[in-house]
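Good morning, everyone. Please take a look at the screen.

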Amino acid sequence: MNNIILINYSKADYRLRKRSHLGRIAAYKYSTAAAVEEPIKPAVNVEHTKLFINGQFVDAASGKTFPTLDPRTGEAIAHVAEGDAEDINRAVAAARKAFDEGPWPKMTAYERSKILLRLADLIEKHNDQIAMLEAWDTGKPYEQAAKLEVPMVVRVLRYYAGWADKIHGMTVPADGPYHVQTLHEPIGVAGQIIPWNFPLLMLSWKIGPALACGNTIVLKTAEQTPLSAFYVANLLQEAGLPEGVLNIISGFGATAGAPLCSHMDVDKLAFTGSTDTGKTILTLAAKSNLKPVTLELGGKSPFIVCEDADIDTAVEQAHFALFFNQGQCCCAGSRTFVHEKVYDEFLEKAKARALKRTVGDPFKSGNEQGPQIDSKQFDKIMKYIRSGVESGATLETGGEQHGKKGYYIKPTVFSKVKDDMLIAQDEIFGPVQTILKFKDLNEVVQRANNSRYGLAAGVFTQNIDTANTLARALKVGTVWINCFDVFDAAIPFGGYKMSGQGREKAEYSLKNYLQVKAVVTALKNPAWL
Ligand code: NAI
Ligand code: MG
């Protein structure tokens, strides 16, 4: 991912500077006063704010709306429809009809593949507008959304378009005079709930495999970030997706998310978000119709720097692993374990790198970090920073708000962190790097695994035996060796322990959306075989 940012930078930067509104901004010089400058107005209009049900944009049945906020100011960007149980019912009915009667699951797989490819083409064509909405709604740097995330959405949809016509069952060599086959069939109506940290990317991880397999969908966006999904909803008809196949509801967890999870006519759930909400969702599924659930939840991922690591690369990657996307990543490398022999050098360089990090308006070219998503997350992060200081960790840099407006936080580094401190145990989900010291590999494996989470890990070493041994010993869903946050549509992602259930992306994700039917036919004349 990091590499992709670097490789694409100059070409895309040139494109950005050609845009008039960003051209003007390029004239500003960066300074720490950036956050008090007037927010830059993105060159995009918010055109779609209504629920998308059965191929139409419609008001909520209640008529209610709620504001989606700009994290740079805390002020409303737009008011969007507030879906609740009645809207979920309408959307599920549309998805049910599209599944039971509609052309979608009955269409040839090749047709479905072509529609997914057309959708990917349209998103690619609208890359910059979508990225602007995404940056505006989330506070993430526009360049990150435009050069990395929306292109990855396109890549994921094309990947699953490629799978659509390669999904098939087996012929099984069972005992006895039987001809045995398995049929791989779509499950039905999928309920999907996504978070606010990578809104459209999470949408693609969810809808790609579900649609490729022939399911229909009701997707609920996060209340903080409804805009990019509505923009994409407007492209579905042009892509050729039949009405009712993908329905998109904006609304809150308790009033729109929970009714979706409890719905008796929803056949499968997929969720990305907090571990606590994941538990609620599993309970709602169990108490209703026992629909299967896949969960992508929290993490406290270790980033292990061995004594033989290339320190400069490790410092840069550890910085990226934690601070990327304002630290709002489920797989953030949020426990940086550094070997005692290189600890002092690493710490000094990590602190210098954090001090160099450019924080400010996400629409200003070159800014690496924007504001946190909302006041709730801002307050939570500040509480953890206070807890770090109170528990005796050393605050090396940062630790306070950046500027005076919005939810910006200075890149923060703690040293002398101990395993039993809250900042070393809980998911902070913010720009707070905690650096711990270790003596030997046995010890660090034990400490790294001593967590309720098990999402990912980074290992930095030049020794292939150390790399391979740690890769096997760490109880996590992804191990990145001498790299971090390398995502690809073909690489599975998911967690051990309380980081989740099941895997998304790659071929693995298909089985979340398929039923396997065994068909056993008695053979009349086994003597011929
Ligand atoms: P959350 O897990 O409550 O929200 C994520 C999604 O779940 C949203 O769409 C929300 O509306 C929905 N939701 C909430 N309650 C629900 C319910 N009872 N039934 C059905 N859906 C429900 O996370 P939140 O409150 O936004 O953030 C809290 C913490 O969660 C963060 O500080 C962070 O630690 C973690 N988080 C992890 C993410 C990840 O990528 N794994 C993403 C977002 C948050
Ligand atoms: Mg918002």
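This is a predicted model: local features need pLDDT of at least 70, side-chain atom pairs count only at pLDDT 80 or more; totals for chains, interfaces and linings use all residues.

Residues are numbered from 1 along each chain as written, ligands are numbered from 1 and chains lettered from A in written order, and side-chain values use heavy atoms, without hydrogens or water.

Who surrounds the ligand? The shell holds 28 residues, each with a heavy atom within 4 Å. Among the closest are Trp196, Lys376 and Lys380. By class, 11 are nonpolar, 11 polar and six charged; here Asp, Glu, Lys and Arg count as charged, Ala, Val, Leu, Ile, Met, Phe, Trp, Tyr, Cys and Pro as nonpolar, and the others, Gly among them, as polar.

Now the polar contacts, meaning N or O pairs within 3.5 Å. A side-chain N or O atom of Glu223 lies 2.6 Å from a ligand 1 oxygen. For Glu427, that distance is 2.7 Å. For Asn197, it is 3.2 Å.

Note on methods:
A polar contact is a pair of N or O atoms within 3.5 Å; within protein, one must be able to donate a hydrogen and the other to accept it, and residues adjacent in sequence count only if both atoms are side-chain atoms.
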